Amino acid sequence: MLGLAVLFAIGAYLFISLLVVRLSARWAKKRGRKGWVWGGVAAFAMYNVVFWDLIPTLVMHTYYCSTEAGFWVYKTPEQWVKENPGVMETLASNNGLVRKSVGDGTSYTDTSSLNSRFDWVLKKSGPSIFNRWRREQKLVDKNTGEVLARYVDFSTGNGNLGGQPPFKFWLQGEHCIDGKRNDSLMWQFTENFMGVKK
């Protein structure tokens, strides 16, 4: 039923848009002006009634994905083991993952204790300007506070934080281009680091 309502709304919007463009062009021709110019202005105005934020959202998403997103390793497992001899063998995985969440439902930090030495920190924040959400994951050494690896990604729309799908479904984008791959690299790094399974 909702699908039919959406299709009806899209059809009505297209019909009204075509009507406005046609009437604008006709009005301009009757007054000795260029109909295609006034028709184009009317089409642009009707486009912006609904899609005014599409281009800025895509531009902002592309900008932040190219400047801030990615996967970084600050310390390899070999380096950490060398600096902390004998510690890795004493660590037991927390099968139940002790979690602590702080936030307001849209922006939050979720800290999972993987074992007595390492935390997995997930921070989601948004929405920022033009429907942009930021997601960051870090593997942190609890004793030193040192970040061993970090993954940053951006999404648009409702940010995959739950709730109802957004009304403007065309703004929905789950990841940057390499976001899923980088997320996978973060899990692989953690699994290789201490044998933690997803």
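Biologist: Which residue forms a salt bridge with Arg134, and how far apart are the closest N and O atoms?

Modeller: Bear in mind that this is a predicted model. The general idea is that a salt bridge needs a side-chain nitrogen of Lys or Arg within 4 Å of a carboxyl oxygen of Asp or Glu. Here the partner of Arg134 is Glu68, and their closest N and O atoms are 3.9 Å apart. Arg134 belongs to strand 5 (residues 132-141), while Glu68 sits in the loop between helix 3 (54-67) and strand 1 (70-73), so this pair ties together parts that are 66 residues apart in sequence.

Biologist: How many salt bridges does the count come to by this rule?

Modeller: Seven. Let's walk through a couple more. Lys75 and Glu146 make one of them, with the closest N and O atoms 2.9 Å apart. Lys75 is in the loop between strand 1 and helix 4 (77-83), and Glu146 is in the loop between strand 5 and strand 6, so parts that are 71 residues apart in sequence get tied together.

Biologist: And what about Arg117: which residue is its salt bridge partner?

Modeller: That's Asp141, with the closest N and O atoms at 2.8 Å. Arg117 comes from the loop between strand 3 and strand 4, and Asp141 from strand 5, so the pair links parts 24 residues apart in sequence. There's also a network to look for: salt bridges that share partners join Glu68, Arg134, Glu136 and Arg150.

Biologist: What share of the protein's residues is buried?

Modeller: Buried residues account for 35% of the 198. Take Val152 in strand 6 (residues 147-156): it has a relative accessible area of 1%, so it is buried.

Biologist: Over to the surface, then. Which residues gather in a patch of positive charge?

Modeller: Look for Arg22, Arg26, Lys30, Arg31 and Arg33, which come together in a positively charged patch on the surface. Lys30 is a handy place to start. Lys30 lies in helix 1, which covers residues 2-30. With 67% relative accessibility, Lys30 counts as exposed, because the cut-off is over 50%.

Biologist: How do I read strand pairing? How many bridges join strand 3 to strand 4?

Modeller: The idea is that two strands pair if at least two bridges are found between them. Strand 3 (residues 108-113) and strand 4 (residues 118-128) are joined by six bridges and run antiparallel. The two strands form a hairpin, with four residues between them. For a landmark, find Ser113 and look across to Asp119 in strand 4, which stands opposite.

Biologist: Last one: what pattern does the protein follow along the sequence?

Modeller: Count the elements before you read their order. The protein has five helices and six strands. Along the sequence the pattern is α-α-α-β-α-β-β-β-β-β-α.

Methods
Residues are numbered from 1 along each chain as its sequence is written. This is a predicted model: local features need pLDDT of at least 70, side-chain atom pairs count only at pLDDT 80 or more; totals for chains, interfaces and linings use all residues. Side-chain values use heavy atoms; hydrogens and water are left out. Patches are made of residues with over 30% relative accessible area and no salt bridge: like charges are joined within 9 Å, nonpolar side chains (Val, Leu, Ile, Met, Phe, Trp, Tyr) within 5 Å. Accessible areas come from the Shrake-Rupley method with a 1.4 Å probe; for residues, only the protein chains shown count as cover. Lys and Arg count as positive and Asp and Glu as negative; His and the chain ends are not counted. The place of a charge is taken as NZ of Lys, CZ of Arg, CG of Asp or CD of Glu. Buried means under 20% relative accessible area, exposed over 50%, partly exposed in between (1.4 Å probe, protein chains only).
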